[in-house]
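Me: Could you take a close look at how the chains meet one another in this assembly? I would like one connected account, with the cut-off behind each term stated where the term is first used.

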Amino acid sequence: MGKTDPGRFFEDYRVGEEIVHATPRTVTEGDRALYTALYPSRFALASSDEFARACGLPRAPLDDLAAFHVVFGKTVPDISLNAVANLGYAEGRFLLPVYPGDTLSTVSEVIGLRENSNGRTGVVWVRSTGYNQRAEAVIRYCRWVMVKKRDAASPAPAPVVPDLAGAVPAGDLVVPAGLDFSGYDAPLAGSAHFWDDYATGERIDHVDGVMLEEAEHMMATRLWQNTARVHFDPAARAGQPRLIYGGHIISLARGLSFNGLGNAQLVAAINGGAHTAPCFAGDTVYAWSEVLDKAETATPSVGALRLRLVAVKNRPAQDFPLRAPDGKHAEGVVLDFDYWVLMPRR
Amino acid sequence: MGKTDPGRFFEDYRVGEEIVHATPRTVTEGDRALYTALYPSRFALASSDEFARACGLPRAPLDDLAAFHVVFGKTVPDISLNAVANLGYAEGRFLLPVYPGDTLSTVSEVIGLRENSNGRTGVVWVRSTGYNQRAEAVIRYCRWVMVKKRDAASPAPAPVVPDLAGAVPAGDLVVPAGLDFSGYDAPLAGSAHFWDDYATGERIDHVDGVMLEEAEHMMATRLWQNTARVHFDPAARAGQPRLIYGGHIISLARGLSFNGLGNAQLVAAINGGAHTAPCFAGDTVYAWSEVLDKAETATPSVGALRLRLVAVKNRPAQDFPLRAPDGKHAEGVVLDFDYWVLMPRR
Amino acid sequence: MGKTDPGRFFEDYRVGEEIVHATPRTVTEGDRALYTALYPSRFALASSDEFARACGLPRAPLDDLAAFHVVFGKTVPDISLNAVANLGYAEGRFLLPVYPGDTLSTVSEVIGLRENSNGRTGVVWVRSTGYNQRAEAVIRYCRWVMVKKRDAASPAPAPVVPDLAGAVPAGDLVVPAGLDFSGYDAPLAGSAHFWDDYATGERIDHVDGVMLEEAEHMMATRLWQNTARVHFDPAARAGQPRLIYGGHIISLARGLSFNGLGNAQLVAAINGGAHTAPCFAGDTVYAWSEVLDKAETATPSVGALRLRLVAVKNRPAQDFPLRAPDGKHAEGVVLDFDYWVLMPRR
């Protein structure tokens, strides 16, 4: 077993440590085509070079979540190979658009450690940053995972729990340089609803649903070079069905949200997110959104919406399922995701 | 429901109206690779830049049907979201090759309307045109669909039924500028049979068959940004299996037709087509062709064949199944497609 | 049936004959993305243009096995359409890296023929060479297949059995021009183990497993334009499940081998290989490797390892299953593959 990677255990992390992740990856038009084939995404900015140029960008950026999955996937062998649970995300920001031809790599800093009272696991907080080939940060986010200890008898480190923001402040959102929605072509984008038309508290059922397939979630997960065994090998789950990568559900729900949020062209931040129940092939996923907040940006034609994106399985979303009477997530809710998007203003 | 797209009903169309469809799409080498992965296509012209250059084109065009699906997919949210049935195609012409890097968008003109006698549905005829980024028309075709009325009580419009040609006249076929088959490399193309070798009335069994998979038809359909719910969500069909997009069967049958029509390099026109029975995952599809007509073109090295392409499921095609004794399409026939191809002449 | 390809029978081959295969194919970034989606490959050199440039190459080459499958796929209609069994590979060498934009075509020379004693089949040996658009040989290998005779009564040709090397001599391995691992970034590559760290006889369990899916193996096989019916149509196998293309298992096992051989960046030669049992959708594949030999190359920073790569199905590989007591391959072993890789030296 000397040459294979056993993954890191809780004892292997030190606060302040920097982890350089393998494998650098040049993203291409091939990734864009596969993303389009895997998710029902119709946002015009990531679909058309011409539309993107009319909005002030040099060409169509890669879908923001595709870039996120590439950056995230690199962290898996070092952060979550021995993870028991993916506990949360915070302070995720999209700092620069990613274009085909860019080469992405990821570095993480350990920003928190706390052993659990059972002595067998601990929580690890990391801040991960994806860089392009010019060493520019393109995406930065925090996540925390519960990781097994190698040895229950090993001493607990001094607990360090980072103070993470509940949401990215609107003032910290980055509008890509040059982005200008002042000449926005709404019919071509496929939605007549601008930033001005959404109200805080408004809820939208995205209506459409998609049944999940093994081949699709595995192809997606490998595309991000996330090779965590639970997604591919039933034996890794004692013969239970393969667990679908949570990011597959995020992208699917974001794609479904086009129907109602067709002008939400860019993801600017991830405030938080919970994979509240697992998904498997054969499940059918629906989604709904709630407008949590609205903000102007420094670019007059660009507004920001803070959205809650909820995915549910095997039941429609028209009644906006979220919580059960006991305050826990309701039966069927599989994703509760809090993020900022950028939209055109009138 | 104010933000989601309910689709158009019969009352929402006016003859002469122009509909600009979302979402513009830059097609790329990623689309070509996925098309190759999804269909058993081996036509050399769309496979090799070098072969295409030897035939006078600047590089390998995207497969004609891939371009057709992109153009068609854009019309779905506006034309067929509430369609009860896709009734037919006519007057489809391929006007310009589509190359990776081109950005396609689609505009439709409503050319006919006729309410059905039941008062609950009507037929809508549209002429749809796909344009590239230089506003050049690349594909134009007519189709007609049966669409639900929003309200059975709403008055019927004056019926307008367009006069559509039974087939595109050979003289209207467009041979791409520069195309020259005079130095055609038949061994490299994989077929020794030139235009001269086919006779009107000749029938060809394409022998090979492919069993359909959910992941494949859904990836294909999403690639064309056709997100009609019936293809993805069994609940949209009262729990029945997902309906496979008819264009998936056209491309599959065209791919199978390589075995017997290996030099039919380009699709020049779609004269008509009927999806005579639905297909589902688990069905195995076979195909056969009949030569309906032959024509010379203005380019001496290029001939045109008018072909009937018939796809059948769950039975071989060696006996050329087409009609039942009652004149209807025979059991197992799923596609009856009439089109023109361009081939090298000796 | 005159237009469809019946494939060649044993009588149709002549020793010394050269067969030009259809269909030339321009490989692209789309192929790279699909390869990444289909196989758990994380080797940095084929993943990142930047990493490849830091190793002296102009950009990231296409995965060597992807190039092999393209070259191999072209031979199928002429060599193995009527093959009863794929008997072996030998003397495979990777002569030049293949880059996106290259156009590949394949030519085979018949180098051996021997009728079997049953009079109904014979063995055909071919040496196949893949060329790029500059007519440079990129891959050359031998394989032999058992092919049906058209007519058992036809006379046997004079037997010619080529003398094939048991392994490519280390001195014949080609190190790509410019390749230089002297500044190799091991953390970025994801493995701390250099050529120097492997010992002949060492065995490595690659731990991870992948359950096979119909949609995945069919998409892979079509991507290489290998349309042999047994992979797509259960009726071609009397209703038995579709047979998975053996190359799919080679690529899967090679991808799994990253976990333990993460610096085995390039495949330099295929010494031999046997598909010892068929694979079907639903099987779960694991892999292990044995170091068979080590060699220096003319490039000081580059070492060569000769590896045995064994894939097994539906059982883990931790006990390195290979042979049964009777000397045959053990139950569950599906691939026994012998190849050379190039790795960085310390």
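Reply: In this predicted model, the count between chain B and chain C is 17 residue pairs in polar contact, both residues being at pLDDT 80 or more; a polar contact is a pair of N or O atoms within 3.5 Å, where within protein one must be able to donate a hydrogen and the other to accept it, and residues adjacent in sequence count only if both atoms are side-chain atoms. On the side of chain B that touches chain C, the elements giving two or more residues are α1 (29-38), α2 (49-54), α4 (186-189), β7 (203-205), β8 (210-211), α5 (214-223), α7 (258-261) and β10 (284-296) of chain B, with helices (H or I, at least four residues) and strands (E, at least two) taken as DSSP runs numbered from the N terminus. The largest share of that side comes from α1(B), with 7 residues. By class, the side of chain B that touches chain C divides into 21 nonpolar, 12 polar and 10 charged residues, where Ala, Val, Leu, Ile, Met, Phe, Trp, Tyr, Cys and Pro count as nonpolar, Asp, Glu, Lys and Arg as charged, and the others, Gly among them, as polar.

Residues are numbered from 1 along each chain as its sequence is written, while chains are lettered from A and ligands numbered from 1 in the order in which they are written. Local features need pLDDT of at least 70 and side-chain atom pairs count only at pLDDT 80 or more, whereas totals for chains, interfaces and linings use all residues, and side-chain values use heavy atoms, with hydrogens and water left out.

In total, 43 residues of chain B are in contact with 34 residues of chain C, contact meaning heavy atoms within 4.5 Å. About 3,000 Å² is buried between these two chains, and carbon and sulfur atoms give 60% of it; buried area is the accessible area (1.4 Å probe) that two parts lose on being put together, summed over both. Across this interface the rule finds 3 salt bridges, each a side-chain nitrogen of Lys or Arg within 4 Å of a carboxyl oxygen of Asp or Glu. The side chains of C:Lys3 and B:Glu202 meet in a salt bridge, at 2.6 Å from N to O.

How the copies are related bears on this picture.

Turning to chain C and chain A, 43 residues of chain C are in contact with 34 residues of chain A, and the area buried between them is about 3,000 Å², with carbon and sulfur atoms giving 61%. In chain C, the residues that lose the most area to chain A are C:Ala37, C:Arg42 and C:Leu188, together 19% of what that side buries. The rule finds 3 salt bridges here, and C:Glu213 forms a salt bridge with A:Arg242, the closest N and O atoms being 2.7 Å apart.
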